[in-house]
Amino acid sequence: MRRYFRSIIIGSLALGAFSCGKKEQASGAQGPMPYEVVQVPTETVVGYTSYPTTLQGKVNSSVRAKISGYIVEVYVDEGAIVKKGQPLFRLETNILSQNADAAKAGIKTAEAQVNVAQVNVDKLIPLVEKGIISHVQLETAKANLASAQGQLATAKAQYNSIVANIDYSVIKSPVNGIVGTINFREGTLVSPSDPTPLTVVSDDSELVAYFSMNEKEYFNFLEKIEGANLKDKLNNLPAVKLALANGTTYPKEGKIETISGQINPTTGTVQVRALFSNKDKMLSNGNSGTILLPKQYSDVLVVPESATFDQQGFFYVYKVENDTVKPVQIEIIDRVNKLAIVKSGIEKGETIVGKGLGTLRPNVAITPKPVKFESINENISTTF
């Protein structure tokens with residue numbers, strides 16, 4: 001019986017040893033795993049730095065009442081396209097009209113007084129010349145005439161002022177543009193001192209976009225622009241793009257018009273203004289968006305982002321030498337469109353693993369599978 005059990009145990013051990021040997025042979029037969037590899041090229045890459053912005057009409061004119069009064073008519077609606085001088089609102093003018101009638105009557109009274117005073121002067125002149133009356137009487141008459149003429153001038157000025165106010169009761173558009181929000185409607189009492197305008201008319205044939213960059217970005221940006229001074233650099237500034245709120249890019253590029261050149265002591269930023277044409281009216285005053293400021297890197301080493309990995313804040317790629325991977329530390333300048341721009345650590349033409357680094361370990365043998373560099377990122381679209 002003991003011999004029987006001993007035979008079973010020996011047989012089992014032998015079977016187990018045979019099975020393990022089979023597994024080891026199968027594992028050894030699998031060989032190095034295949035990985036896509038690429039050669040490191042140099043390319044010219046254009047990336048974009050993004051800055052949030054809110055668009056404004058190149059001309060935003062607040063419409064305010066020049067006189068106090070109740071709104072009796074609103075001639076336009078929000079979003080209406082208007083011309084300069086087109087009526088927008090009308091204020092009540094009953095009292096002004098009564099005042100105008102009274103002022104007109106005052107002019108007639110003053111004119112009558114001037115006429116009487118003029119007749120008196122004309123009558124006294126020959127009497128003085130003949131010595132019948134004294135020269136003093138004539139001078140008094142002339143003084144009365146001058147006083148009457150002054151009263152007439154005052155009456156006319158008052159009338160003209162009232163007429164002007166009546167004209168101001170029709171509030172007109174100061175510019176060509178689009179009417180914004182109408183803040184007051186019929187029956188509202190408005191005055192020149194109101195802090196809120198009746199509306200804002202925006203000339204949106206062109207729109208400006210203000211954005212800010214910090215001091216470091218400002219100097220780095222100017223450093224790359226040709227020119228001996230700020231004026232020369234402004235003339236050589238690149239065109240900018242505008243990403244809209246829905247993620248699309250506005251089809252027309254913008255031009256940077258001004259850079260403040262002064263650091264805001266509160267925010268530590270410099271304000272920049274870009275101008276965009278808007279003849280097709282696709283954009284509106286108040287639209288939000290993102291300014292895309294281009295930055296070009298010429299003839300730089302690039303690797304796919306999928307070929308890099310991070311260890312304790314340092315970046316590496318797996319360089320392939322003799323079909324074995326070796327981690328190499330690299331210095332990355334920037335990341336643009338799923339590419340890492342490399343300053344140092346690798347050389348042009350060296351071979352690296354393009355993707356699938358998660359299963360790799362240092363000094364592991366692989367089966368290199370060379371592919372075109374573009375194929376690594378062929379399904380990756382440009383992003384900002």
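Strands here are DSSP runs of E with at least two residues, helices are runs of H or I with at least four, and both are numbered from the N terminus. Two strands pair if DSSP finds at least two bridges between them. Strand 5 (residues 87-91) and strand 6 pair in the antiparallel sense over 3 bridges. Arginine 90 has valine 170, in strand 6, as its bridge partner.

The model is predicted: local features need pLDDT of at least 70, side-chain atom pairs count only at pLDDT 80 or more, and totals for chains, interfaces and linings use all residues. Residues are numbered from 1 along each chain as its sequence is written, and side-chain values use heavy atoms, with hydrogens and water left out.

A pocket is an open set of points on a 1 Å grid over the protein atoms alone, where a 1.4 Å probe fits, with protein on both sides within 12 Å along at least five of seven lines; lining residues have an atom within 4 Å of a point. Volume is the space filled by probe spheres set on the points, which are joined across faces, edges and corners. Strand 6 gives the largest share of this lining, 3 residues. Val170 is one of the lining residues, as are Ile171 and Lys172.

The largest pocket has about 510 Å³ of space. Of its 18 lining residues, Asn220, Phe221, Lys224, Pro294 and Lys295 lie nearest the centre. Strand 13 gives the most to this lining, with 5 residues.

Valine 302 lies in strand 13. Beyond residues up to four places away in sequence, valine 302 touches Val40, Pro41, Glu43, Val45, Ala340, Ile341 and Phe373. Contact means heavy atoms within 4.5 Å.

Asparagine 278 sits in the loop between strand 12 (269-277) and strand 13 (288-304). Asparagine 278 is buried too, with a relative accessible area of 0%. A polar atom of its side chain lies 2.9 Å from the backbone oxygen of aspartate 204. Leaving aside neighbours within four places in sequence, the contacts of asparagine 278 include Asp204, Tyr250 and Leu283.

Terms used. Buried means under 20% relative accessible area, exposed over 50%, partly exposed in between (1.4 Å probe, protein chains only). A polar contact is a pair of N or O atoms within 3.5 Å; within protein, one must be able to donate a hydrogen and the other to accept it, and residues adjacent in sequence count only if both atoms are side-chain atoms.
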